[in-house]
Amino acid sequence: MALLEILAFPDPRLRTRAAPVKDVTKATRTLIDNMLETMYAAPGIGLAATQVNVHQRLLVMDVSEAHDAPQVFINPRFEVLDPELGAYDEGCLSVPGFYESITRPQKISVSALDRNGSPFSVNLDGLEAICLQHEVDHLNGKLFVDYLSPLKRQRIRKKLEKEQRTRA
Ligand code: QAP
Ligand code: CO
């Protein structure tokens with residue numbers, strides 16, 4: 001297994017719209033395992049392939065306390081089951097150090113392929129529903145900072161650009 005490099009905002013590659021996975025192969029499963037390892041090491045609760053510069057529609061997440069319940073979604077599609085919005089302080093491994101309250105639907109139904117390429121559907125609520133939507137946004141080139149005011153987003157961008165300059 002291997003740790004993958006996580007792209008950081010405002011890297012333009014995070015704006016790429018990912019393409020559907022055509023075949024779930026051994027290479028797909030290696031990518032999934034490396035993404036899970038990278039997510040757990042961070043540590044984080046969700047990671048989309050976009051964030052590791054792989055532009056395929058695939059994401060991993062684990063919102064469990066014990067970090068022993070990995071979930072994999074390939075070519076995920078979701079429907080809102082309950083239009084009621086809830087707020088959650090979201091973060092992102094690609095926007096390190098920043099957390100902001102974001103509102104999203106709290107109950108969704110997701111259809112996807114599993115790591116063997118078999119289709120499945122599941123209803124999600126709470127943090128799982130929020131995280132899944134956050135990660136699907138990544139696959140569409142969207143970040144949680146896009147929901148903030150331009151002023152807030154610019155402040156975050158400037159701080160991260162400065163950090164990235166001093167790190168390089
Ligand atoms: C997405 O985010 C998410 O700033 C997953 O310094 C987060 O795993 C969806 C992380 C919250 C819904 C709610 C962030 C780690 C991890 C940071 C993450 C940081 C270190 C973020
Ligand atoms: Co994120």
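This is a predicted model: local features need pLDDT of at least 70, side-chain atom pairs count only at pLDDT 80 or more; totals for chains, interfaces and linings use all residues.
Ligand 1 has 19 residues around it.

A word on the ground rules: residues are numbered from 1 along each chain as its sequence is written, while chains are lettered from A and ligands numbered from 1 in the order in which they are written. Local features need pLDDT of at least 70, side-chain atom pairs count only at pLDDT 80 or more, totals for chains, interfaces and linings use all residues, and side-chain values use heavy atoms, with hydrogens and water left out.

**Sheet and helix**

- Helices (H or I, at least four residues) and strands (E, at least two) are DSSP runs, numbered from the N terminus, and two strands pair if DSSP finds at least two bridges between them.
- Strand E4 (residues 100-113) pairs with E5 in the antiparallel sense over seven bridges; to pick out one bridge, Lys 107 has Asp 125 in E5 as its partner.

**Ala 112**

- Ala 112 sits in strand E4 and, at 8% relative accessibility, counts as buried (buried is under 20% relative accessible area, exposed over 50%, partly exposed in between, with a 1.4 Å probe and protein chains only).
- Leaving aside neighbours within four places in sequence, Ala 112 is in contact with Phe 73, Ile 74, Asn 75, Pro 76, Ser 118, Pro 119 and Phe 120.
- Arg 57 is 55 residues from Ala 112 along the chain, and their C-alpha atoms are separated by 10.0 Å.

**Ligand 1**

- Among the 19 residues around ligand 1, those that come nearest are Gly 44, Ile 45, Gly 91, Gly 97 and Tyr 99 (near means a heavy atom within 4 Å).
- Ile 45 has a polar backbone atom 2.8 Å from an oxygen atom of ligand 1, and a backbone N or O atom of Gly 97 also lies 2.8 Å from a ligand oxygen.
- Tyr 99 brings in its side chain, with a polar atom 3.2 Å from an oxygen atom of ligand 1.
- The protein covers 85% of the 500 Å² of accessible area that ligand 1 has on its own (Shrake-Rupley method with a 1.4 Å probe).

- Most residues other than glycine have a negative phi, and most peptide bonds are trans.
- The peptide bond from Phe 9 to Pro 10 is cis, with omega near 5°, and Pro 10 lies in the segment before H1.
- Ala 42 and Pro 43 are also joined by a cis bond, with omega about -5°; Pro 43 is in the loop between H1 and E1.
- Asn 53, in the loop between E1 and E2, has a positive phi of about 65° and is partly exposed at 34%.
- His 67, in the loop between E2 and E3, has a positive phi of about 55° and is partly exposed at 45%.

Definitions and conventions. Contact means heavy atoms within 4.5 Å. A polar contact is a pair of N or O atoms within 3.5 Å; within protein, one must be able to donate a hydrogen and the other to accept it, and residues adjacent in sequence count only if both atoms are side-chain atoms.
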